[in-house]
Structure formats: C-alpha cells, structure tokens
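Subject: Handover of a structure and notes on it

Dear colleague,

Please find the structure below. I would be grateful if you would read the notes beside it.

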There are 2 protein chains.
Amino acid sequence: MDHFSLTQNDPTCNARLGILRTSHGSVETPVFMPVGTAASVKAMPQDFLRELQVRILLGNTYHLYLRPGHEIIGTLGGLHRFMSWDRAILTDSGGFQVFSHQKLRRITEEGVQFRSHLDGSSHWLTPEKAVEIQQALGSDIAMALDDCTPYPCTPEMTRTSLLRTSRWARRCRQAFVPGMQRQYGIIQGGMHKELRQESLNRTVEIGFDGYALGGFSVGEPKQLMWELVAEFAPRLPQHQPRYLMGVGTPLDIINGVTSGIDMFDCVLPTRNARNGCLFTSQGRIVIKNSRYLRDEGPLDPNCGCKVCKSYSRAYLRHLFMSGEMLSAVLNTYHNLYYYLDIMAKIRQFIQLKNLAGLREQLIQVYEE
Amino acid sequence: MDHFSLTQNDPTCNARLGILRTSHGSVETPVFMPVGTAASVKAMPQDFLRELQVRILLGNTYHLYLRPGHEIIGTLGGLHRFMSWDRAILTDSGGFQVFSHQKLRRITEEGVQFRSHLDGSSHWLTPEKAVEIQQALGSDIAMALDDCTPYPCTPEMTRTSLLRTSRWARRCRQAFVPGMQRQYGIIQGGMHKELRQESLNRTVEIGFDGYALGGFSVGEPKQLMWELVAEFAPRLPQHQPRYLMGVGTPLDIINGVTSGIDMFDCVLPTRNARNGCLFTSQGRIVIKNSRYLRDEGPLDPNCGCKVCKSYSRAYLRHLFMSGEMLSAVLNTYHNLYYYLDIMAKIRQFIQLKNLAGLREQLIQVYEE
C-alpha cells in the first residue's frame, strides 16, 4: 500500500489532490493538522475533534518527551491509545521547540543539549533519540531532527546549519525502523535560494517517505515565504507528500496549496481562539470588542458550525470577558471548523480546476 | 398546571418522588442542579449538559447582574436564550454572594449595599431589585432575597436576621409579577431550632411556590446540619418543592433526600473537578497522585460516562499535571455524571422503597 497517492492536479497551478494512507485511516490532502502539543488539542475534547472530522493531528515530541515521557506513553500503548485518538498522528522531531529556547541549548555535531522549560533539567536530543522517542510515541508520521535556522541568517551560517541538518537526516534515516510508521525529511536553507536547493537535493537524495519545508514563518516577510515556497514546493518529488511546517494563515495555506503543498500545521486557529481572535467568512473578529456586547447574531452567519448555530456574539463576548473556560472551548471549535472548512473548499475547488477563484475570495476577505 | 406534583413517598423515611413543571420542561425530583455561575457551567459546553441529561441548572444573580448585566440579558431575550439553554433555570437572589464578601457590604432595612468584586463600584441590592433582576433574567424559578446568617451566630443576631429575612420575603412576594416564573421563599434561623421554626412559620405564612432551607453548609458540623434538616424539612408544606441550598456531598444529599428534600445545588462536583478531585464508586480520587502515572484503567470502572469509557487515569493525570484545559472539561463531565447518576439511583431506590439501602452503600464508600 502506497503511503501517498495523487488523485488529481489543478492544471492552472501546482495544486494537487491526494490521499495519505496511514494505519490509522486515510487522509485527503491538502490537509490542515490541528496542533495537539501535550497530547491534547487545547480545550478540545477528542469527540469534538471527531465531530469536526479531523483526520490527522500533530503531537509535539519535545513536550511529550518531558511530560509525561515517551517511555510512559510507550508503555501505555503509544500516543493514540494514551490520548484515545484512533485517527492519524504526525509528530515533529522536537527540534523546533529546542531551538526556539535559544538560551537553554547548546548544539554539537552529536545533537543538541537543552534544559527543560519545566524544571531546568538537562537533556540531549540527538537524531537517534528523536527517532527513538517518536517510535515510542507510535505516531503515523515521524519527522527527522533538523537544525532550525533563525531569521535573518548569513549564507555561511545557513549553509553550516543545512549541512548539519543533512547529516542528521541521514542518521535519522539509518536509525529508523521501518514498520507502520513513516518518516519525513526536512528541507532547510533559510531564505537563500541556492542553499534551499542544496538542502532539497541532499534531503531527497537520502530518500524519505515525504518531505517538509522547514524554517518558514520564522519572522521573514510573507512575500518572501510565498515566493520561496512557490519556487521549491514543485521541485519536491512529485509522488510524495509535501508538508509546509508551522504555516499559517488562510492565505498562507491557499498560497502553499497553489504551489503544490499537501500538508500544513499551525497553532494559529487554536491559539487565536483562546485569545478571542476568530476567523470568519467576513474576516477576523476580536470578540472582546464592545460592539458585540448586545450583538444577537452568530459569530459568522455563513458558518455551519454548532457554535455559530447555537450562540450569539454577545454570549461569546461575555464568556471571554468573564474568563470562562467555555470561551476557549467554543472559540477553538469554531476556528478549527473554519480552517477545516477552508481545506474542504480548497479540495473542492481543485477538483473544479479553479483554485484561483477561491484564492481571490480569500484575498478579498483578508486583504493581506 | 401545578408547579409541583408528588408522585410517590418512601414509606420507610421522608423521601419523596416528584415532578417539577416549568415552561422549560419537567424535572424529576429529587434533583441536583449544576451551578452555572456566569451563564456557563464552568468548562461544560451546553451540548455536554444535554448529553448528561441535565434538566435544570442554577444561575447566579450576583454575577450576572455585574457582568454582562441583567438588562443586557433581558434585551437579548433572557438567560435561556443568552446561553442557549432551553431547559429549566433557577436563579438565586444574589444575597449569598453579597453576604459572603463581608468587607464589601453594608446592611440596612432597605437592602444591602455592596461593592463589586470586579471593579469596586457600589451597588444596592434590595428585595425589589432582586426580583426585578431575576425577572429580567427570565429564570423559571426565582429566589427571595434573604439575610444570610453566618456561623456561628448568637440567638439575638440570628433572630434579628431572620426577622429581616421575613420582612424582605414579604417585599419580594409583593414585587413579584406572576407569570411563567415561580418564586421560592428561604428559611433562615441559623442552628437554633426555635428560630428555624419561627422563620419557617413566617415564610410559609407569606406563601411561596416552593421553600428553601438556607444558611446550611456554612461551616457548621455535618451532624448538626443533618439533624436540623431532618427535623425541619418534613415541616415544610408537603405539596410544594423543598430545596436545600448550596448542599452538598453525596452523603449530604442522600441524607437530605431521606429527610424529604427535593432539590439541591452545589459547586462541589464542578469545583472539585477543576482541582483534580474526582468522585467515583470507590470514593474520592485525587488525580494528581503519582500512583496514577502509569494507570491504564478508567477513572471509575463502574461508571458509564464517556470519560471513563474513553480515557485512562494516566491520561487524566497527565492533562491535570500539564494544566491542559481538557482536564477541567473531562473531570467536570465525569463528576457531573457521577452526581446525576447518584440522583437517578436515589429516585430508583425511592421507587423501590429502599432508599436506606442506597444510603448504606454510600456511607461505606465515603465513611464520613
């Protein structure tokens, strides 16, 4: 059984429809993966995720390694069983979180030493360890450990980093035990085109089950990211899944899909929800705005989610202002529904060979 | 249509089965009302409350008056519509919260002046105002404003307080506009039997749609509360609902039912849930205990709730230790299921004329 099949291309751009097959079900692509950092998509009961027809979510290796620990999760039958989620899971390598805490880490050829943000204890993350942790977690898709380049970064430092990423990728691939799990490699190279190409060549040469573009959405201008993704996504192997890590806004996503990306993940819909920032067909809504105090209307009159069908803006504002946990639950539900609905529309418009039409609609809404 | 019908008595004690009729559906009694302080049962989406077969919940007048304000809720069609809850709601009078903040209030014959815990602004709560607020909220059952006696309290102060409660009750009854809403009076009198009796006589003389025993669970010994409830509940009018306010543990509730109480409310199941303290058929569980780190079993093997059917103790512990909101959601769901299940069993055992049998079981579990 192939891990990935392309089912259709949009002849007017690089967008494609596909099916990702895992031992926890099939996933139609392009797909957005909600982020379930610590074995929970924050504020979302798993039955709500099923209701939302989430087919794949992301777990964070860094967080799960520190708490409760991958060995405990392994003993308890893996992450799926631990969190009672029988659909697909992709885990990151832990690298991104480790590199994000710049003061708490030290990089060597062997790997990266870091201090826990929880208790300051010292740990080593090596390519082999990243593979081992993710195998204990039992995710359907594991990511290779990469050295994440910050932005901005000189060509020299970027090349040093991408070469290390490439050596680590090879070690990850060697440590990987084939079975139900699949393993994706990550392309770095910062914002330098020749280095992106070099990283792409080196990573594809190793040979993975899928490829990710890493190192985007790290502070660079949007236009620069869109341009690079547009240039490099189509150069990734045609018949394997392509994943744009940590991205992004609805417009980032449709631009990525237009360029040939199949998979996305981002904390934006869930984190914004908790901060009271909601995505609607009419653009972003900041629910604490006093204009909603007496607003009987639904959050988004064009949305079919149960939050929009049941509750008013006035109530959602009240919950947010009162610090009620239900605020996070309902806002997250709506924002995820919005994102998944956009993805369903994207797939539908690719089928109709008219993704550009949908993109125009989104540009008008967000005017980024 | 009668507001309340008795359908059966347990001949071995004072327990009774009844039906409470409201314009938002019928409620089988004895009933436990989850507390939805600020128009939300904390961490519970309304669809979960429906799943749990909650038929009536409690809203707090004090909180809703301060935020978002009863006038706004009134303008938006009342509390039911505001929070999207089409089953019954009982509102308290706001008195208990005002009296709880002793430093922030001043009592006169007219009413009680208090400062908002939110912004320090000054407000007056009078009997007439308490009625007006609750009518704007549109609750199915409104409570009269009472002067809440602290514990301990001298007979002199208690009598002064109960006489004020009685005068306020009369003013509440006069200000009440009959319609869909019902209004209950509250009996005070502290822990002094002759004063309880006097308060009972004075309140019943005014004539309400139901009667509550107030001023319990305020720090007095359990035995004293049980003894007083056992003595005074049966003296309340036989054919009207009897409500024991702010009570309590499962054992408090079954003792109350045995004494002839029909209605209960308490933050215990919901607040304890958020603190990781869970009710089970085997007694209380403190989920953060390290013994649950690798515990694959359900929270309560004898519980039929979806939390117990889907998640392990190890996962629930992890969510609590990680500060995940899902912890509060799942724990609250389970604790409410437990409470509502106890109430269903209570009604079943009354039907079987064997409430004492169930009480023995609960005593063995909790050994209070």
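Predicted model: local features only at pLDDT ≥ 70, side-chain atom pairs only at ≥ 80, totals over all residues.

Residues are numbered from 1 along each chain as its sequence is written, and chains are lettered from A and ligands numbered from 1 in the order in which they are written.

How the chains are related

In the interface, 35 residues of chain B are in contact with 35 residues of chain A (contact means that the C-beta atoms, placed from the backbone, lie within 7 Å). Among the elements that give two or more residues to this side of chain B are α13 (313–321) and α14 (325–351) (helices are DSSP runs of H or I with at least four residues, strands are runs of E with at least two, and both are numbered from the N terminus). Because 100% of the interface residues of chain B are also interface residues in chain A, the copies meet through the same surface.

Helices in contact

In chain B, the axes of α6 (residues 127–137) and α7 (residues 155–175) come within 8 Å and cross at roughly 40 degrees (axes are lines fitted to C-alpha atoms, for helices over the stretch in contact, and angles run from 0 to 180 degrees between N-to-C directions). That makes α6(B) oblique to α7(B) (angles under 35 degrees count as roughly parallel, over 145 as roughly antiparallel, 65 to 115 as roughly perpendicular and the rest as oblique). The residues that meet include B:P127 in α6(B) and B:W168 in α7(B).

In chain A, the axes of α7 (residues 155–175) and α8 (residues 193–206) come within 10 Å and cross at roughly 10 degrees. That makes α7(A) roughly parallel to α8(A).

A hairpin in chain A

Strands β9 (residues 112–115) and β10 (residues 122–125) of chain A run antiparallel and are joined by 4 bridges (strands pair if DSSP finds at least two bridges between them). A:Q113 has A:W124 in β10(A) as its bridge partner. The hairpin has 6 residues between β9(A) and β10(A), and A:G120 in the turn has a positive phi of about 75 degrees.

Yours sincerely

Technical notes:
Contact = placed C-beta atoms within 7 Å.
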